Amino acid sequence: MSRIDELTDRIERLLVRHEELRRTNALLQQQLAVTAQERDSLRARLSAARARIDALIDKLPSPVAAALTGEHEQTED
């Protein structure tokens, strides 16, 4: 095989490999975008859940307020 034929074959293989890597890169970028979108959605859901929990905690009577109003049950030993 002549030197030119070898170079031609190698260039063709490199072009095929380049195209494969380009497609792989595009797929990985797409997956990264989807993952980032999922992450943002999960962060939003977590924030909403925290807000709901904080609201529930705010509704709980404090032990001092409960004791002053007689809502706290006293236990005898």
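Residues are numbered from 1 along each chain as its sequence is written. Because the model is predicted, local features need pLDDT of at least 70 and side-chain atom pairs count only at pLDDT 80 or more, whereas totals for chains, interfaces and linings use all residues; side-chain values use heavy atoms, with hydrogens and water left out.

The chain contains two helices and zero strands, where helices (H or I, at least four residues) and strands (E, at least two) are DSSP runs numbered from the N terminus. Helix H1 comprises residues 3-59. Of the 77 residues in the chain, 1% are buried. In this classification, buried denotes under 20% relative accessible area, exposed denotes over 50%, and partly exposed lies in between (1.4 Å probe, protein chains only). The chain exposes about 7600 Å², of which carbon and sulfur atoms supply 57%.

A nonpolar patch on the surface is formed by Leu7, Ile11 and Leu15, which together have about 290 Å² of accessible area. Patches consist of residues with over 30% relative accessible area and no salt bridge; like charges are joined within 9 Å, and nonpolar side chains (Val, Leu, Ile, Met, Phe, Trp, Tyr) within 5 Å. Ile11 is located in helix H1 and counts as partly exposed because its relative accessibility is 49%.

Four salt bridges are present in the structure, each defined as a side-chain nitrogen of Lys or Arg within 4 Å of a carboxyl oxygen of Asp or Glu. One of these joins Arg17 to Glu20, with 3.4 Å between the closest N and O atoms. Arg17 and Glu20 are three residues apart in helix H1, so about one helical turn separates them. Arg17 is partly exposed at 45% relative accessibility, and Glu20 is likewise partly exposed, with a relative accessible area of 35%.

A salt bridge also connects the side chains of Arg23 and Glu19, at 3.6 Å from N to O. Since Arg23 and Glu19 lie four residues apart in helix H1, their separation is about one helical turn. Relative accessibility is 47% for Arg23, which is therefore partly exposed; Glu19, at 26%, is also partly exposed. Both residues belong to a network of salt bridges that links Glu19, Arg22 and Arg23.

Arg39 and Asp40 form a further salt bridge, in which the closest N and O atoms are 2.9 Å apart. Asp40 is partly exposed, having a relative accessible area of 40%, and Arg39 is partly exposed with a value of 39%.

Methods
Areas by Shrake-Rupley, 256 points an atom, 1.4 Å probe, with all protein chains shown as cover.
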